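Work through the exercises below with the model open beside the text. Each task is followed by a solution in steps.

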Amino acid sequence: MPASARARELFVAVVAGLVLTAVMTAPTITRPGSVARMDSNDGKYSIWNVAWVAHAILDSPDTVFDANIFYPHEDTLAYSEANLVAGVLAVPVYAATRNPVAAHNVVVYLVLVFAFVATWWLVRRLTGSAGAGLVAGTGFAFAPYVSAHTAHIQLLMVFVVPVVLLALHRHVERPGPWRGAVLGASLAVAGLACAYYGIMTGLAVGLGALWFAPGQPRPLRYWTGMVVAVVVAAAVVAPALAPYVSLRRDTGFKSELNLDEARAYSADVPAYLRGHGGVFVRVLPAALRARLDEAIGSNGEVLFPGIVVTGLAIVGLGRLRRRDAPAPTPTLDASAAPVAGPGATAVPWPPGTTAVARRPAGAPSRVTGFYVVLAVVAAWASFGPSAGLYSLLGHVVPFMSFLRAPARFGVIVLFAIAVLAGWGVARLGRGRRRAALACGLTALVALELWVAWPLREVPPVPPAWRVLADLPRGGVLVLQFPYRQNDFHAHAGYMFWSMWSWQPLLNGYSDFIPDDFREMAVPINGFPDAESFRLLRDHGARYVIVDWRTYNEEATPIMRARFPAWQEYLRPIVATGDVWLWEIVGWPAG
């Protein structure tokens, strides 16, 4: 195909991705600076996480891991997913606007555009059909799994899956150190974008390396490239991994698999039938919908690919029964391509010449078979410890213990099904008929998968949080201080408002909770009293914020009555509205 035709196809795919993503995620990009998952503490945490990384890169790159939570602890970004790739992507918008909500929403929009275009590119390469790529890209980038995780920025980074698999196929088709290095770089990006996806795509590459090794005409170059991929990925990820290694060494955090936790977050058969109530489900009679909900449940991971995508994937499985043409007689042709696509293998000839031969008649499509096996293996792992494979991987794969939710292996299953659906589209027609059919199927898939994103208007920033930005740096305590284990996530709300000052917080929420945080959680709520002042002094606090909205009618007057006896140690800075701010100007004797 001429380069101009390929460029036109890519242009159409990019435009389609931009438009579809705007529609499917609305109002993420139509109102980027004013809407967010305000109904979810995970959503607030994600915005804070992305904004912190962008802020640190711009203002103090060497302090990226010293996030402004759990003060005075260091390397606190490593207490959970760092989301470095999302933060890097947010830098331009954050630098231009200093609006953390806008920075986060633009990143969400961009990574789903990337997911659509990368999936299109891969399927276009495998099937030879640009239309098949549009359908597959829509089915994967906007799968119910994605719209079920709007509050989790790391799980929205699904673009890394097609990027890594595309790099794998490029290396398989023409192996060598350079393409191995590109594969390694893609794996590194996956790991820095989402630890789950980094490990999952690494396992997919390992499976692919073994699957495509037989018949390689130059096995030394093939395996050399694979080794280069591992070395490059490890070298790029190592600096970001170091704080996690230190945390695990010093505290034992996630040092081994937590099988009970993994079982709780494992997939089951209903998970692969559980969607999000898309258009096709909502038109069903209410009684039937109720019976479906009862049968598959409403809690747990959402891993249903969609009716249309599933049907097309079944059609695509027909490639497994296709018999390839008999191998032609090799000819010395220096202009022949080294590889003639997925069904062809390069036959070595003297330097400067190449011949292309098909596999023997009757062999199934090796590439299609790979995606079937990949889907089966990923589904097996998603069922967690009870199915065996997840536990086995936990004993073999480094840092597998950080993956507490085996069900998320389902994203690999969804991607494999989307690729198979692309082959299904490619088998349904030729020429203009295929193009028209692909456009119609793309619209149909989008219609089925569309669901309103639960974004809410961001309230005005309380003045106390803005005033903090202009005050000297010091630790900040925010009250009321959630003290029950099950309520720790509420600290994410304070982290959200801290983005407008970036003062260090004694509060925090993450996967790892320091022991001293747990120990002070109850007594610090006695503020102001002698014990709470001692704890604040020990933690380097300088400011105290009281969010009166977190106290009920009975607790509010009790809390207000404490302050007069301790007023000589506190200077009021903001004492109006719902959020008050004091500076600590002295410490009680003793």
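Helices (H or I, at least four residues) and strands (E, at least two) are DSSP runs, numbered from the N terminus. This is a predicted model, in which local features need pLDDT of at least 70, side-chain atom pairs count only at pLDDT 80 or more, and totals for chains, interfaces and linings use all residues. Residues are numbered from 1 along each chain as its sequence is written, and side-chain values use heavy atoms, with hydrogens and water left out.

**Exercise 1. Helix α8 and its two partners**

Task: Describe how α8 packs with α9 and with α7.

Solution. Step 1: Two packed helices are described by the angle between their axes and the distance between the axes. Axes are lines fitted to C-alpha atoms, for helices over the stretch in contact, and angles run from 0 to 180 degrees between N-to-C directions.
Step 1: For α8 (residues 177–193) and α9 (residues 195–212), the axes come within 5 Å and cross at roughly 150°. Angles under 35 degrees count as roughly parallel, over 145 as roughly antiparallel, 65 to 115 as roughly perpendicular and the rest as oblique. α8 and α9 are therefore roughly antiparallel.
Step 2: List the contacts (heavy atoms within 4.5 Å). From α8, Leu 183, Leu 187, Ala 190, Gly 191 and Ala 193 take part, and their partners in α9 include Tyr 197, Thr 201 and Val 205. Ala, Val, Leu, Ile, Met, Phe, Trp, Tyr, Cys and Pro count as nonpolar, Asp, Glu, Lys and Arg as charged, and the others, Gly among them, as polar. By this sorting, the contact of α8 with α9 has 7 nonpolar, 4 polar and no charged residues.
Step 3: Helix α7 (residues 160–173) and α8 have axes that come within 9 Å and cross at roughly 165°, and therefore these helices too are roughly antiparallel. Their crossing is left-handed (the near helix is turned anticlockwise from the far one by less than a right angle; clockwise is right-handed).
Step 4: Among the α7 residues that meet α8 are Val 160, Val 164, Arg 170 and His 171, and the α8 side includes Arg 179, Ser 186 and Val 189. The contact of α7 with α8 divides into 11 nonpolar, 3 polar and 2 charged residues.

**Exercise 2. Cavities**

Task: How many cavities of 30 Å³ or more does the structure hold, and what lines the largest cavity?

Solution. Step 1: On a 1 Å grid over the protein atoms alone, a cavity is a set of points where a 1.4 Å probe fits but cannot get out; lining residues have an atom within 4 Å of a point. Grid points are joined across faces, edges and corners, and a volume is the space filled by probe spheres set on the points.
Step 1: There are 5 cavities of 30 Å³ or more.
Step 2: The largest cavity has a volume of about 70 Å³. Its lining includes Met 24, Leu 112, Phe 142, Trp 450 and Trp 453, and the lining residues divide into 10 nonpolar, 2 polar and no charged.
Step 3: The second largest cavity has a volume of about 50 Å³. Arg 37, His 104, Asn 105 and His 152 are among its lining residues. The largest share of this lining, 3 residues, comes from α2.

Terms used:
1 Å grid on protein atoms, 1.4 Å probe; cavity = no way out; pocket = protein on both sides within 12 Å on 5 of 7 lines; lining within 4 Å.
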